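Reader: I'm new to reading protein structures. Could we look at one together and talk through what it shows?

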Amino acid sequence: MIIPEHIRREIIQAGHIRFEFNSSTPEDKYLKNLEDLADLMMKYPGISLRLCGYADALGSERYNFKLSMQRAVSVKAYLSKQMDMSDRITVLAFGEKDPVAINMNADGSDHPEGRSYNRRVEIMFDNVPDNMDIIKVIDIPEAVKLR
């Protein structure tokens, strides 16, 4: 059976872009995801994004806010390499607010694995075409997940 073009649905998987400690450069394993996202934005010029930057709980609140902004700006710059999309991308910074994983163990000691999931940029889609579904991929192990 051939499904007419106007009925076909496009399914897009989107996850977080993560960063090494004290870095605003996306980890290499996420660069292909960003290239695919840039291609999607070129294909659908109506889509806009909100890039929400976050940090883990190490460091001062002020520093983490600044670093989370740098992370979101870095992702925006990467997406805009091929084509200026600045009018379609909004960057937001949240610092260490809203962690998705534990930053420390119950005894107060550091939890490096959990913190690594909090160093992220979340991608929020706006103006998505009616024939597209965005599936948010959450790759956080249950042992460290907060929500």
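Reader: Where is arginine 119 placed in the chain?
Author: Happy to start there, keeping in mind that this is a predicted model. Strand E5 covers residues 120-126.

Reader: What about arginine 120: over which ring does its charged end sit?
Author: The charged end of arginine 120 is 3.7 Å from the centre of a ring. That ring is the one of tyrosine 54.

Reader: How are the rings of tyrosine 54 and phenylalanine 94 arranged?
Author: A search of the whole structure turns up 1 aromatic pair. In this pair, the ring centres of tyrosine 54 and phenylalanine 94 are 5.2 Å apart. Planes under 30 degrees apart count as stacked. The planes here are at 15°, so the pair is stacked.

Reader: How many residues apart are tyrosine 54 and phenylalanine 94?
Author: Tyrosine 54 is in the loop between strand E3 and helix H2, while phenylalanine 94 is in the loop between strand E4 and helix H3. The pair thus links distant parts of the chain, 40 residues apart.

Reader: And phenylalanine 94: is it buried, partly exposed or exposed?
Author: Buried means under 20% relative accessible area and exposed means over 50%, with partly exposed in between. Tyrosine 54 has 6%, so tyrosine 54 is buried. Phenylalanine 94 has 27%, so phenylalanine 94 is partly exposed.

Reader: Which residues form a nonpolar patch on the surface?
Author: One member sits in strand E1, residues 10-14. This residue, isoleucine 11, has a relative accessible area of 54%, so isoleucine 11 is exposed. Together the patch has about 240 Å² of accessible area, and its members are Ile11, Ile135 and Val137.

Reader: Last one: in what order do the elements of the protein chain run?
Author: The protein chain has 3 helices and 6 strands. From the N terminus on, the order is β-β-α-β-α-β-α-β-β.

Methods
Residues numbered from 1 in each chain as written. Predicted model: local features only at pLDDT ≥ 70, side-chain atom pairs only at ≥ 80, totals over all residues. Heavy atoms only, no water. Patch = residues over 30% accessible without salt bridge, like charges linked within 9 Å, V, L, I, M, F, W, Y side chains within 5 Å. Areas by Shrake-Rupley, 256 points an atom, 1.4 Å probe, with all protein chains shown as cover. Salt bridge = Lys/Arg side-chain N within 4 Å of Asp/Glu carboxyl O. Helix = DSSP H or I, 4+ residues; strand = E, 2+ residues; numbered from the N terminus. Buried < 20%, exposed > 50% of the residue type's maximum accessible area, 1.4 Å probe, protein only. Phe/Tyr/Trp six-rings, centres within 6.5 Å; stacked < 30°, edge-to-face > 60°. Lys NZ or Arg CZ within 6 Å of the ring centre and 35° of its normal.
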